[in-house]
Amino acid sequence: NQIANYNIEKYSFINAATGKEIDCIVYVNPSDSQIGKIVSIEEHNGVYLVSDYYFVNGKLNFVFTRIVDVYTPTYATIDKIGTRYYFNNDVMVSYRVIDTPRAIVQQTLNPTDTWYNNTSYFELDEVSKQNYDTIELKVLNEAYILYNAILNSGNLHEVTGYVYSESGQPLNGVN
(Lines give C-alpha, C1' and ligand atoms only; values in the text may rest on other atoms or scores of the structure.)
Protein backbone atom coordinates (compact mmCIF):
# COMPACT_ATOMS: atom_id res chain seq x y z
CA ASN A 1 0.00 0.00 0.00
CA GLN A 2 3.01 2.30 -0.15
CA ILE A 3 2.17 3.30 -3.72
CA ALA A 4 -1.45 4.22 -3.00
CA ASN A 5 -0.64 7.94 -3.02
CA TYR A 6 1.90 7.91 -5.84
CA ASN A 7 1.43 9.91 -9.02
CA ILE A 8 0.54 7.81 -12.04
CA GLU A 9 2.08 8.38 -15.46
CA LYS A 10 1.45 6.47 -18.69
CA TYR A 11 3.97 5.61 -21.38
CA SER A 12 3.94 3.60 -24.59
CA PHE A 13 6.94 1.94 -26.15
CA ILE A 14 7.61 -0.49 -28.98
CA ASN A 15 9.19 -3.80 -28.06
CA ALA A 16 12.19 -4.00 -30.42
CA ALA A 17 12.13 -7.81 -30.39
CA THR A 18 8.41 -8.28 -31.13
CA GLY A 19 7.40 -4.99 -32.73
CA LYS A 20 4.43 -4.91 -30.34
CA GLU A 21 3.35 -1.87 -28.37
CA ILE A 22 4.01 -1.95 -24.63
CA ASP A 23 1.71 0.18 -22.51
CA CYS A 24 3.22 1.19 -19.18
CA ILE A 25 1.62 2.52 -16.04
CA VAL A 26 4.27 4.12 -13.85
CA TYR A 27 3.85 4.91 -10.14
CA VAL A 28 6.06 7.81 -9.04
CA ASN A 29 6.65 8.84 -5.44
CA PRO A 30 5.54 12.51 -5.24
CA SER A 31 7.98 13.31 -2.44
CA ASP A 32 11.20 12.27 -4.21
CA SER A 33 10.13 11.54 -7.84
CA GLN A 34 11.44 7.96 -7.55
CA ILE A 35 9.73 5.26 -9.60
CA GLY A 36 8.13 2.76 -7.24
CA LYS A 37 6.34 0.52 -9.71
CA ILE A 38 6.05 -0.03 -13.45
CA VAL A 39 3.26 -2.12 -14.93
CA SER A 40 3.93 -3.20 -18.51
CA ILE A 41 1.11 -4.56 -20.64
CA GLU A 42 1.83 -6.17 -24.00
CA GLU A 43 -0.73 -7.96 -26.20
CA HIS A 44 0.22 -11.41 -27.53
CA ASN A 45 -2.26 -13.33 -29.69
CA GLY A 46 -5.38 -12.09 -27.94
CA VAL A 47 -4.04 -12.25 -24.37
CA TYR A 48 -1.89 -9.83 -22.38
CA LEU A 49 1.51 -10.36 -20.85
CA VAL A 50 1.48 -8.21 -17.72
CA SER A 51 4.56 -7.55 -15.60
CA ASP A 52 4.59 -5.55 -12.37
CA TYR A 53 8.11 -4.29 -11.60
CA TYR A 54 8.71 -2.87 -8.10
CA PHE A 55 11.74 -0.69 -7.40
CA VAL A 56 13.27 0.60 -4.16
CA ASN A 57 15.73 3.50 -4.50
CA GLY A 58 16.19 2.76 -8.20
CA LYS A 59 16.93 -0.95 -7.65
CA LEU A 60 14.72 -3.81 -8.76
CA ASN A 61 13.03 -5.45 -5.77
CA PHE A 62 10.19 -7.65 -7.01
CA VAL A 63 8.52 -8.68 -10.28
CA PHE A 64 5.15 -10.37 -10.81
CA THR A 65 4.42 -11.62 -14.34
CA ARG A 66 1.24 -13.20 -15.60
CA ILE A 67 -0.84 -13.81 -18.71
CA VAL A 68 -4.42 -12.51 -18.58
CA ASP A 69 -7.39 -12.05 -20.90
CA VAL A 70 -8.22 -8.64 -19.40
CA TYR A 71 -5.81 -6.46 -17.43
CA THR A 72 -6.97 -5.71 -13.91
CA PRO A 73 -4.63 -4.24 -11.28
CA THR A 74 -3.90 -6.86 -8.63
CA TYR A 75 -1.42 -8.01 -6.02
CA ALA A 76 0.71 -11.15 -6.22
CA THR A 77 -1.19 -13.20 -3.65
CA ILE A 78 -0.78 -16.98 -3.65
CA ASP A 79 -4.19 -17.47 -5.21
CA LYS A 80 -3.03 -15.62 -8.36
CA ILE A 81 -1.45 -17.62 -11.19
CA GLY A 82 1.87 -16.21 -12.38
CA THR A 83 5.57 -16.02 -11.61
CA ARG A 84 7.22 -13.92 -8.92
CA TYR A 85 10.88 -12.89 -8.91
CA TYR A 86 12.49 -11.58 -5.72
CA PHE A 87 15.67 -9.46 -5.94
CA ASN A 88 18.20 -8.00 -3.53
CA ASN A 89 21.01 -5.82 -4.91
CA ASP A 90 20.36 -7.10 -8.44
CA VAL A 91 20.61 -10.74 -7.36
CA MET A 92 17.55 -12.94 -7.80
CA VAL A 93 17.23 -14.46 -4.33
CA SER A 94 14.25 -16.61 -5.31
CA TYR A 95 11.61 -17.13 -7.88
CA ARG A 96 8.22 -18.64 -7.39
CA VAL A 97 5.91 -20.20 -9.94
CA ILE A 98 2.20 -20.63 -9.29
CA ASP A 99 0.41 -22.47 -12.10
CA THR A 100 -2.50 -23.48 -9.85
CA PRO A 101 -3.73 -21.19 -7.07
CA ARG A 102 -1.96 -21.95 -3.77
CA ALA A 103 0.35 -24.52 -5.40
CA ILE A 104 3.76 -22.87 -4.97
CA VAL A 105 7.00 -24.11 -6.52
CA GLN A 106 9.99 -22.02 -5.45
CA GLN A 107 13.72 -22.02 -6.11
CA THR A 108 15.73 -19.89 -3.74
CA LEU A 109 19.21 -18.98 -2.58
CA ASN A 110 18.05 -19.03 1.06
CA PRO A 111 15.71 -21.97 1.66
CA THR A 112 13.63 -22.12 4.81
CA ASP A 113 11.14 -24.63 6.11
CA THR A 114 7.84 -23.95 4.36
CA TRP A 115 4.60 -25.74 3.59
CA TYR A 116 5.27 -25.45 -0.15
CA ASN A 117 7.94 -26.79 -2.53
CA ASN A 118 11.05 -24.73 -1.71
CA THR A 119 14.25 -25.90 -3.43
CA SER A 120 17.70 -24.53 -2.69
CA TYR A 121 19.57 -23.18 -5.70
CA PHE A 122 22.69 -24.89 -4.39
CA GLU A 123 21.01 -28.31 -4.53
CA LEU A 124 19.86 -27.93 -8.15
CA ASP A 125 21.52 -29.83 -10.98
CA GLU A 126 23.70 -27.81 -13.36
CA VAL A 127 21.00 -27.46 -16.03
CA SER A 128 18.51 -26.10 -13.46
CA LYS A 129 21.13 -23.70 -12.07
CA GLN A 130 21.83 -22.45 -15.59
CA ASN A 131 18.07 -21.98 -16.13
CA TYR A 132 17.82 -20.00 -12.87
CA ASP A 133 20.77 -17.79 -13.89
CA THR A 134 19.31 -17.24 -17.38
CA ILE A 135 15.95 -16.21 -15.90
CA GLU A 136 17.72 -13.85 -13.50
CA LEU A 137 19.53 -12.05 -16.34
CA LYS A 138 16.44 -11.92 -18.54
CA VAL A 139 14.23 -10.39 -15.84
CA LEU A 140 16.93 -7.91 -14.74
CA ASN A 141 17.52 -6.79 -18.33
CA GLU A 142 13.80 -6.38 -19.06
CA ALA A 143 13.26 -4.42 -15.86
CA TYR A 144 16.16 -2.01 -16.30
CA ILE A 145 15.63 -1.50 -20.04
CA LEU A 146 12.06 -0.43 -19.29
CA TYR A 147 13.09 1.62 -16.23
CA ASN A 148 15.80 3.46 -18.20
CA ALA A 149 13.48 4.01 -21.19
CA ILE A 150 11.05 5.76 -18.86
CA LEU A 151 13.79 7.83 -17.19
CA ASN A 152 15.24 8.84 -20.58
CA SER A 153 11.92 9.66 -22.24
CA GLY A 154 12.09 13.21 -20.92
CA ASN A 155 9.02 15.36 -20.78
CA LEU A 156 7.76 14.47 -24.23
CA HIS A 157 4.00 14.11 -24.03
CA GLU A 158 1.37 13.55 -26.66
CA VAL A 159 -2.28 14.35 -26.30
CA THR A 160 -4.60 13.09 -29.00
CA GLY A 161 -8.18 14.06 -29.57
CA TYR A 162 -10.24 16.79 -31.19
CA VAL A 163 -9.66 20.52 -31.16
CA TYR A 164 -12.67 22.83 -31.07
CA SER A 165 -12.99 26.51 -31.86
CA GLU A 166 -14.22 28.97 -29.25
CA SER A 167 -17.72 28.56 -30.70
CA GLY A 168 -17.55 24.78 -30.12
CA GLN A 169 -17.02 23.74 -33.76
CA PRO A 170 -14.49 20.97 -34.51
CA LEU A 171 -11.41 22.24 -36.36
CA ASN A 172 -10.12 20.22 -39.29
CA GLY A 173 -6.46 19.51 -39.95
CA VAL A 174 -5.27 20.57 -36.50
CA ASN A 175 -2.41 18.66 -34.88
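Mentor: Welcome! This model is predicted, so local features need pLDDT of at least 70 and side-chain atom pairs count only at pLDDT 80 or more, while totals for chains, interfaces and linings use all residues. Residues are numbered from 1 along each chain as its sequence is written, and side-chain values use heavy atoms, with hydrogens and water left out.

Trainee: How many helices and strands are there, and what makes a run count as one?

Mentor: The chain has one helix and nine strands. In sequence order the pattern is β-β-β-β-β-β-β-β-β-α.

Trainee: Why is the chain called more spread out than a compact globule?

Mentor: Its radius of gyration is 20 Å, well over the 16 Å that the globule rule gives for 175 residues, so the chain is more spread out than a compact globule. The radius is taken over C-alpha atoms, and the rule is 2.2 Å times the number of residues to the power 0.38. Along its principal axes, the C-alpha trace spans about 70 × 35 × 30 Å.

Trainee: Why is G58 called buried?

Mentor: Buried means under 20% relative accessible area (exposed is over 50%, partly exposed in between, with a 1.4 Å probe and protein chains only). G58 has 18%, so G58 is buried. This glycine lies in the loop between β4 and β5. Across the whole chain, buried residues make up 37% of the 175 residues.

Trainee: Which residues does G58 touch?

Mentor: Not counting residues up to four places away in sequence, G58 touches Q34, Y144 and Y147. Contact means heavy atoms within 4.5 Å.

Trainee: What makes a group of residues a nonpolar core?

Mentor: The group must be buried Ala, Val, Leu, Ile, Met, Phe, Trp, Tyr and Cys residues joined through side-chain atoms within 4.5 Å. The largest one here has 28 residues, and I38, F55 and L60 have the most contacts inside it. α1 gives the most to this core, with nine residues. A second, separate core of seven residues includes Y6, I25, I41 and V50.

Trainee: Which residues is I38 in contact with?

Mentor: Leaving aside neighbours within four places in sequence, the partners of I38 include C24, I25, V26, F55, L146 and I150.

Conventions:
Helix = DSSP H or I, 4+ residues; strand = E, 2+ residues; numbered from the N terminus.
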